[in-house]
Amino acid sequence: MPRVILRFKNRTIGDYPVEIEKPLTIGRRSDNEIVIDNLAVSGNHAKIFHHPKGFVLSDLDSKNGTFVKQKRVKNYLLKHKDVITIGKHILIYDNVGDAKFEPGKENPEASFAESHAADQTMFMDTERYRKMVGRTEPKSSDDGTPANVIFHSGAEGQLALTKSVTTIGRHNESDIVLNGFLAFFAGSTAATISRTSGNYHIRHISGFIKPKVNGIASKESVKLNEKDIVEIGSLRFSFFLSAPPND
């Protein structure tokens with residue numbers, strides 16, 4: 001099955017299947033399939049959908065544009081290993097579904113895109129920018145501190161969710177690494193916790209094991225609430241928007 005690999009600052013942070021029946025939506029809003037929490041990205045920025053000739057990348061009239069091979073596109077028929085740039089992130093289209101990308105070696109174009117993505121200009125007037133900051137700047141509590149998770153099994157201690165996207169998986173570069181026998185059935189990136197406008201959502205990315213929130217498994221995005229219990233394989237933790245209790 002084709003897939004899209006999401007990368008940021010030379011790290012893979014997501015791996016998303018591209019399905020014939022359902023468009024793959026990309027944007028800053030939490031209801032997108034691929035959530036990119038960056039002010040350079042529009043709420044509903046772009047989508048990838050099936051066409052008789054293949055899969056098409058379509059820009060949804062975004063403010064700052066969607067780029068392939070450093071050229072702004074509106075509707076573009078994707079080819080294997082095409083590199084898409086949206087804001088400061090790049091997405092690699094894998095039509096084979098099993099390729100392992102090393103941007104500096106197999107795909108020099110991806111390496112170039114990653115090195116220049118941080119220099120992308122965000123085109124918006126000052127007043128609109130201030131309004132967007134006021135509306136979308138992530139705040140997880142009244143005092144501005146990030147949400148936290150406290151581990152009960154599969155890991156120790158607690159973790160502050162300071163990133164816009166926290167990765168969970170068996171890959172050793174994941175923010176939360178899955179261990180134990182059940183990790184074999186999880187994806188390299190099994191799930192992500194994304195932060196948008198002060199809200200946190202957990203989403204299944206790949207692998208047979210889906211995250212459970214309060215005992216209910218889901219492959220769709222689930223909003224996390226105070227004291228929710230999350231399980232992925234042998235990993236189990238509690239979620240706290242406010243400061244966690246001191247035991």
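Analyst: Happy to! Keep in mind that this is a predicted model. Let's start with a pair of facing residues: Ile48 stands opposite a residue of strand 6, and that residue is Leu57.

User: How many bridges join strand 5 to strand 6?

Analyst: Look at residues 46-51 for strand 5 and residues 54-59 for strand 6. These two strands form a hairpin with two residues between them. They run antiparallel, and the number of bridges joining them is six.

User: Which residue of strand 9 is the bridge partner of Ser58?

Analyst: Strand 9 covers residues 75-77, and it pairs with strand 6 in the antiparallel sense over three bridges. In strand 9, the partner of Ser58 is Asn75.

User: Is strand 6 largely enclosed or largely open, and why?

Analyst: Buried here means under 20% relative accessible area. Six of the six residues of strand 6 are buried, so the rest of the structure leaves this strand largely enclosed.

User: How many residues are in the largest nonpolar core?

Analyst: Nonpolar side chains tend to be buried together in soluble globular proteins. In this core, the residues that touch the most other members include Ile48, Leu57 and Ile34. Strand 5 and strand 6 are among the elements giving two or more residues to this core.

User: Which strands stand at the edges of the open sheet of five strands?

Analyst: The order in this sheet is 15-14-16-17-20, and the pairing is mixed. Strand 14 and strand 15, for instance, run parallel and are joined by two bridges, with Gly169 opposite Val177. Two strands of the sheet have a single partner each, so one side of each is left without a neighbour in the sheet: strand 15 and strand 20.

User: Is Leu182 buried or partly exposed?

Analyst: Leu182 is found in the loop between strand 15 and strand 16. Together with Phe181, Phe184, Phe185 and Phe208, Leu182 forms a nonpolar surface patch with about 630 Å² of accessible area. Buried would need a value under 20%. Leu182 has a relative accessible area of 37%, so the answer is partly exposed.

Notes
Residues numbered from 1 in each chain as written. Predicted model: local features only at pLDDT ≥ 70, side-chain atom pairs only at ≥ 80, totals over all residues. Heavy atoms only, no water. Buried < 20%, exposed > 50% of the residue type's maximum accessible area, 1.4 Å probe, protein only. Helix = DSSP H or I, 4+ residues; strand = E, 2+ residues; numbered from the N terminus. Pairing = 2+ DSSP bridges. Patch = residues over 30% accessible without salt bridge, like charges linked within 9 Å, V, L, I, M, F, W, Y side chains within 5 Å. Areas by Shrake-Rupley, 256 points an atom, 1.4 Å probe, with all protein chains shown as cover. Salt bridge = Lys/Arg side-chain N within 4 Å of Asp/Glu carboxyl O. Core = buried A, V, L, I, M, F, W, Y, C linked by side-chain atoms within 4.5 Å.
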